[in-house]
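Hi,

Here is the structure I promised to pass on to you. Have a look at it first, and then read my notes below.

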Amino acid sequence: MVETFPITTYFMLLFLFLSSLVSTLGKPKLSTNCLSSKFQNPVYQNRKLQNLDIISKLRDDHDAIKLASSDYGNMVHEIPASILYPTSINDIETLIKFAHNNSAPFTIAARGQGHSVRGQAMAPNGVVVNMRSLKNHRNGFGITVSGTPSMGFFYADVGGEQLWVDVLNATLEHGLAPVSFTDYLYLTVGGTLSNAGISGQTFRYGPQISNVYEMDVITGEGDFVTCSPEKNRKLFYAVLGGLGQFGIIVRARIALEPAPKRVKWVRMLYNDFSAFTKDQESLISLNGRKQKNALNYLEGLLLMDKGTPENWRSTFFPLSDHSRIISHVTKYGIIYCIEVAKYYDDHTLNSVDKELQVLFEGLSFIPGFTFEKDISYIDFLNRAQKGEQKLQSQGLWDIPHPWLNLFVPKSHISDFNSIVFKDIVLKRNITTGLVLVYPMNRNKWMIGCLRLYLMKMCSTP
């Protein structure tokens with residue numbers, strides 16, 4: 001029987017990178033005397049801190065402070081008192097217990113790659129925990145792949161400090177991979193699970209927080225707690241997507257599935273927003289995990305009258321087609337693009353093109369404006385790295401990044417296009433950055449993975 005999931009509620013996720021705001025934002029200013037005095041700061045007020053082992057792992061030098069005072073957004077700048085470079089999970093427990101029991105409590109924030117945009121990984125006058133420090137020590141959890149092959153049940157126990165690109169490479173050695181990723185892989189596991197972990201796979205597999213079986217968390221009282229849907233479930237659900245406010249993730253058990261080898265990557269262009277969203281909805285209506293004819297990835301993006309049809313994330317369109325694409329963008333002001341991916345391997349090599357052909361029947365894209373690439377699975381997932389390297393070479397990676405994420409219900413997405421995209425963004429000429437618009441199924445959030453996990457648990461002898 002075909003597995004189906006009714007679309008009870010439909011949301012569109014939008015990312016707006018408003019680069020025109022960059023010129024109005026200043027750069028961070030850090031004084032070499034940014035700490036007034038250790039003895040005036042609550043972190044150092046209690047003499048008991050001097051007797052703790054972690055005292056040698058706290059840094060307040062200028063370089064450490066500067067790194068922890070900004071993030072990817074580069075708009076919010078908060079100066080911490082110190083940065084902890086832990087060599088073990090126990091170091092984090094010790095710090096949090098000290099802060100919790102201190103007569104003058106101070107804030108603590110876990111920082112992975114610092115990829116937040118509004119200062120979420122900062123701790124003004126407090127302590128930032130540099131989670132990546134754990135990777136250099138054996139006391140970190142690392143990446144361990146396990147499972148029951150006879151049942152097709154696989155998972156990876158992963159330290160919260162690990163990067164998703166490293167998780168991908170480690171699991172691929174076993175022919176496996178996580179099912180849900182973000183578009184950018186150089187983020188920590190603990191970081192994305194503290195948010196949601198959303199990308200074009202979300203419509204089918206759910207966000208990353210829906211693909212976690214178990215976690216080890218250090219709570220706000222400094223307790224080390226293992227939690228799952230069956231054990232300490234309130235903590236489990238609070239920490240996933242909890243923005244670090246309910247605990248620090250130090251280990252997560254991530255769902256794995258057999259990894260494909262290659263990807264058919266297709267973009268289709270539209271000049272009509274209603275047709276664009278209607279076709280998106282149609283394509284995500286096939287979303288069962290076992291539906292072999294379903295897509296594996298779907299996003300949507302806007303091409304505006306700004307010159308090149310490419311963006312920093314990837315170079316996709318053939319150079320020979322740039323002029324005719326730009327011609328359409330100039331004519332309509334905005335061209336909408338559906339971007340999809342279909343994974344395949346040696347067993348599905350002969351059927352993947354036919355499956356895509358069937359999926360695309362009846363779609364309303366502009367005739368002659370479909371573009372396809374065939375690339376390796378890892379190159380597709382890691383496609384944003386080349387864009388990052390390009391921006392770094394141009395000195396543009398560390399500029400301010402105003403970035404807005406919104407969930408918009410299906411009932412209002414057309415209004416959003418008319419009022420925001422056309423009447424504000426386009427008419428006022430306020431963006432040259434990336435704008436993504438894509439659909440998700442609400443019933444893919446959390447419950448899908450938990451149902452699968454309970455089924456596996458019940459079947460285990």
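Let's start with K264. Setting aside neighbours within four places in sequence, K264 is in contact with V340, A341, K342, Y344, V352, D353, L356, E372, K373 and D374 (contact means heavy atoms within 4.5 Å).

Before going further, some ground rules: this is a predicted model, where local features need pLDDT of at least 70 and side-chain atom pairs count only at pLDDT 80 or more, while totals for chains, interfaces and linings use all residues. Residues are numbered from 1 along each chain as its sequence is written, and side-chain values use heavy atoms, with hydrogens and water left out.

Back to K264, which is found in strand 12 (residues 262–270). Helices (H or I, at least four residues) and strands (E, at least two) are DSSP runs, numbered from the N terminus. K264 has a relative accessible area of 9%, so it counts as buried (buried is under 20% relative accessible area, exposed over 50%, partly exposed in between, with a 1.4 Å probe and protein chains only). Its side chain and that of D353 are joined by a polar contact of 3.3 Å. A polar contact is a pair of N or O atoms within 3.5 Å; within protein, one must be able to donate a hydrogen and the other to accept it, and residues adjacent in sequence count only if both atoms are side-chain atoms.

Now for another lysine, K57. You'll find K57 in the loop between helix 1 (42–45) and strand 2. K57 and T87 are 30 residues apart in sequence, yet 8.2 Å apart in space, C-alpha to C-alpha.

Strand 2 pairs with strand 3 (residues 82–84) in the antiparallel sense, over two bridges (two strands pair if DSSP finds at least two bridges between them). Opposite L58 you'll see L84 in strand 3.

Finally, the inside. The largest nonpolar core has 64 residues, and L193, M215, L269, Y377 and F380 have the most contacts inside it. Such a core is a set of buried Ala, Val, Leu, Ile, Met, Phe, Trp, Tyr and Cys residues joined through side-chain atoms within 4.5 Å. Apart from that core lies another, of 29 residues, including F273 and V425.

Cheers
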